[in-house]
Amino acid sequence: MRRADPVGPPSAEPGEPPDTVEPHELRDLGDVERAAAAVLPAEVWDFVAGGSGREHTLAANREAFDRVFVASRVLRDVSACDTATTLLGRPVRMPVAVAPVAYQRLVHPEGESASARAARAVGVPFTVGTLSSVPVEEVTAAGGTVWFQLYWLRERGRTLDLARRAEDAGCHALMLTVDVPWMGRRLRDARNRFTLPGRVRAAHLDGGATSAAHLPSADGSAVAAHTAAAFSPAVTWSCVEELRAATRLPLILKGLLAPEDAVRAARLGVDAVVVSNHGGGSSTARCPASTRCPRWPRRSTGRARSWWTAASAAARTYSRRWPWARTGYSWGAHRSGGSRPPGKPGRGGCSTCWPRSSATPWGSRAARMSRTHGGSVRCGRPR
C-alpha cells in the first residue's frame, strides 16, 4: 500500500547521508528518521509517524515550533554549565522527562525496557504507559526514576488497580492522560488495516491473550477498536478527585490546553500539568500547545498562586525571548504538541508544566523518541 505521509521524515538533500547508515554516521535527527523509515515496515512507520485525520494538527505543531526564534543573550560565562535540577522533588541531570509512547516493541525487541535504561543512563525520568508492551515491573527493574501514565478505563476498578500496581512496582508519579475520551480517526492506520503482531501486546490490559488490537477490524484499525473498547469516554473531574484520593504518588494531568482547566487541577491537588494536544494523534482540530503559552492567566488560588504568577511571567516572553527560569520538558512521542526547548542547558523556556510545590515553573516539552526507539531519547530539533 502506498504510504500517505504528508508530514513524514524529511527527504535527503545534497550532502545528507543515504537512508541506510551506521549509527555513528547519524549526524542529526533527520538522519535518524530516514534511517528508521528505511528499515521499519511501512505500516509500523505509519503508526509511529502518523496523526489523526488529515494530520493538520500534526503539521501545525511543527509549524508552530518553526515560527519560534531565540533572542539570545551574550557575554555570559558558559565555561561550566550544569543542567542538574529536580522534577517532582527528585534529582535529574537535566530538566527532561521521557513521555509515554505505546507499544515500543513494535520497533525494538526490548521495547520500553531499553528506553528506560537509556533514560536512567542520562539521568532523566521515564514514563511507562498503560499501552506499554512491557510490564511496569520489568521497566522499574531497570532502575532510575519511572512515572506511570494512566488512561481512565471503562472498568473503573481496573484503573485504580493499575494505579496501585504502579505504586507497588516502585513508580515515582502517576500521569493521567485526559484528552483521549475517544481515539482520533487515524487514516493511515485505517488504510493499512493495521493490527498488532502477535509478539506485541498491551502488557497491562491483555494479560498475554490475543486482544482486539490483534484482530482485523471492520473500521480498519484494530488498535483504534481496542482502545475504543478499553478507554472510558466518561472521564471527568470526579475521576481526577478519585485518583488523587487513591494514591500517595505525585499526580500529573496530561493533555490540558485551557488555562481554566489547569487552575481547577491545582485546586484538586494535582501536582503538575502537561500542556499538550496529544501531538495531533487524538484530534484533528486542537491547537498546538506552544501557541497556548501566552494565554495562561496570572491567577489561581491559595497554595498555587505563586506557581501561576511565575508561569504567566515566563509564558508572556515565550515568543520573543527565553526567560531564565527553572523549567523541565517532557520529551517523548514525536507527535506531542508540547513546548520548544531553549538553547541554554538547564534554564527555562516556555513553561507548560508546573509543579504545585515550587514557585517557579517546570515546562512540558514534547519532542519525540528516535524512530528506532532503541533505548535512546530524541533530544534535538523539535517538530
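**Exercise 1. Which residues does M183 touch, not counting residues up to four places away in sequence?**

Solution. The model is predicted, so local features need pLDDT of at least 70 and side-chain atom pairs count only at pLDDT 80 or more, while totals for chains, interfaces and linings use all residues. Residues are numbered from 1 along each chain as its sequence is written, and side-chain values use heavy atoms, with hydrogens and water left out.

Step 1. Contact means heavy atoms within 4.5 Å. With residues up to four places away in sequence not counted, M183 touches T227, F231 and G281.

Step 2. M183 is located in the loop between strand 6 (173-177) and helix 7. Helices (H or I, at least four residues) and strands (E, at least two) are DSSP runs, numbered from the N terminus.

Step 3. The relative accessible area of M183 is 26%, and M183 is therefore partly exposed. Buried means under 20% relative accessible area, exposed over 50%, and partly exposed in between, with a 1.4 Å probe and protein chains only.

**Exercise 2. Describe the aromatic pairs of the structure.**

Solution. 

Step 1. Rings of Phe, Tyr and Trp (its six-membered ring) pair if their centres lie within 6.5 Å; planes under 30 degrees apart count as stacked, over 60 as edge-to-face and the rest as tilted. The structure holds 3 aromatic pairs.

Step 2. F47 and Y103 form a tilted pair, because their ring centres are 6.4 Å apart and their planes stand at 45°. This pair links distant parts of the chain, 56 residues apart: F47 belongs to helix 2 (residues 42-49), and Y103 to the loop between strand 3 (96-98) and helix 4 (112-122).

Step 3. F47 counts as buried at 11% relative accessibility, and Y103 counts as buried at 1%.

Step 4. Y151 and F231 form a stacked pair, with 4.1 Å from centre to centre and 25° between the planes. Because Y151 lies in the loop between strand 5 (146-150) and helix 6 (156-169), and F231 in the loop between helix 8 (222-230) and helix 9 (237-246), the pair ties together parts that are 80 residues apart in sequence. Y151 is buried at 9% relative accessibility, as is F231 at 3%.

Step 5. Ring pairs also link F47, Y103 and F194 into a cluster.

**Exercise 3. Which residues have the most contacts inside the largest nonpolar core?**

Solution. 

Step 1. A nonpolar core is a set of buried Ala, Val, Leu, Ile, Met, Phe, Trp, Tyr and Cys residues joined through side-chain atoms within 4.5 Å. In soluble globular proteins, nonpolar side chains tend to be buried together.

Step 2. The largest core has 58 residues, and those with the most contacts inside it are Y103, L106, F148, L174 and L243.

Step 3. L243 touches L150, W152, L160, A163, L174, L176 and L251, not counting residues up to four places away in sequence. Apart from this core lies another, of 10 residues, including L88, A97, M175 and I252.

**Exercise 4. How many residues of helix 1 are buried?**

Solution. 

Step 1. Helix 1 (residues 29-39) has 9 of its 11 residues buried.

Step 2. Those buried residues are L29, G30, D31, V32, E33, R34, A35, A36 and A37.

Step 3. Helix 2 is included in what covers them.
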